[in-house]
Each structure stands twice: as C-alpha cells, then as structure tokens.
Amino acid sequence: MPKKRRKRKRGNGPCQSKPPKAVQELAENYKCSHCNSRVEGIFRDSRGMQHLHIAHDETCPVLRGTVTDMHDAIRAANATGRVARVISGDSNGDAA
Ligand SMILES: [Zn+2]
C-alpha cells in the first residue's frame, strides 16, 4: 500500500510546525518602543511568509496606527545578528 503524503497546510493561523530559528530570534528580540507589548504568536500566511502577532497595549500609538513600529522590527532583526529582510504590511499579511 502506497504511503499517503500529508498535504502541508498553508494559510493564516498559528504555525503548524516550529517556525524557523531566525523568526523565533526575531520574536525574542522584538520590543515595542511605545508600550509593554508581547509577541503572542508566529503564523505563516498563504504565501508561506512568517508573521509575528504582537499584542500592543490598548493605548499604544502603534496599535492605533499613529506611528509605525518598523524601527522596532529592524532593531529586533539587527539584534539577531543575521541578515534580514523586513517587510511592512497589515495584519492580513498584505505588504504595504
Ligand atoms: Zn506597542
């Protein structure tokens, strides 16, 4: 009997498998410069891109869209010591 191959699930939602180490390191190093946010999860979108889900405080200007957190993402990427590409986008994973 041939072995059935499991189809890899893609799409929004928590990673089914462990995210790449570089993404984990990015999550560990992310710190919002405006609030006491925390990374609540990592998910992979339908294109296979990894995203951090960051829970900002309700009063955080990043959450309200007043300021960007791009500098925080770049700082976290630099702290990993790896070469990184940072893509800004909305929570649906659509690049801006
Ligand atoms: Zn924040």
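Setting aside neighbours within four places in sequence, histidine 53 is in contact with Val39, Glu40, Gly41 and Phe43. The structure is a predicted model, and histidine 53 belongs to its strand S2. Three helices and two strands make up the protein, and along the sequence they follow the pattern α-β-β-α-α.

**Overall arrangement and confidence**

- The average pLDDT of the protein is 82, and 73% of the residues score at least 70.
- Confidence is highest in helix H1 (residues 21-29), at 94, and lowest in S2, at a mean of 91.
- Of the 96 residues in the protein, 8% are buried.
- Among contacts between residues at least 6 apart in sequence, 51% join residues that are at least 24 apart.

**The strand pair S1 and S2**

- Strand S1 (residues 38-44) and strand S2 (residues 50-55) run antiparallel and are joined by six bridges.
- Two of the facing positions may be named: valine 39 stands opposite isoleucine 54 in S2, and phenylalanine 43 stands opposite histidine 51 in S2.
- The hairpin of S1 and S2 has five residues between the strands, and glycine 48 in this hairpin takes a positive phi near 90 degrees.

- Histidine 53 is partly exposed because 13 other C-beta atoms lie within 10 Å, a count between the limits of 12 or fewer for exposed and 20 or more for buried.
- The C-alpha atoms of histidine 53 and glycine 41 are separated by 5.1 Å, although the two residues are twelve apart along the chain. Glycine 41 is also one of the contacts of histidine 53.
- Isoleucine 54 is likewise placed in strand S2. Is isoleucine 54 buried or exposed? Isoleucine 54 is buried, because 22 other C-beta atoms lie within 10 Å and the cut-off for burial is 20 or more.
- In a regular strand, side chains alternate between the two faces of the sheet.
- Isoleucine 54 and alanine 27 are 27 residues apart in sequence, and their C-alpha atoms are 9.0 Å apart in space.

- Serine 37 lies in the loop between H1 and S1.
- Serine 37 counts as partly exposed, because it has 19 C-beta neighbours inside 10 Å and a buried residue needs 20 or more.
- Not counting residues up to four places away in sequence, serine 37 touches Cys32, Ile54, Ala55, His56, Asp57 and Cys60.
- Serine 37 and glutamate 58 are 21 residues apart in sequence, with a C-alpha to C-alpha distance of 9.6 Å.

**Aspartate 72 in helix H3**

- Aspartate 72 is located in helix H3 (residues 70-79).
- Which residues does aspartate 72 contact, leaving aside its neighbours within four places in sequence? The contacts are Tyr30, Lys31, Cys32 and Ser33.
- The C-alpha atoms of aspartate 72 and cysteine 32 are separated by 5.9 Å, while the residues are 40 apart along the chain.
- Aspartate 72 counts as partly exposed, because there are 19 C-beta neighbours inside 10 Å.

Methods: Residues numbered from 1 in each chain as written. Predicted model: local features only at pLDDT ≥ 70, side-chain atom pairs only at ≥ 80, totals over all residues. Pairing = 2+ DSSP bridges. Helix = DSSP H or I, 4+ residues; strand = E, 2+ residues; numbered from the N terminus. pLDDT = per-residue confidence, 0-100. Contact = placed C-beta atoms within 7 Å.
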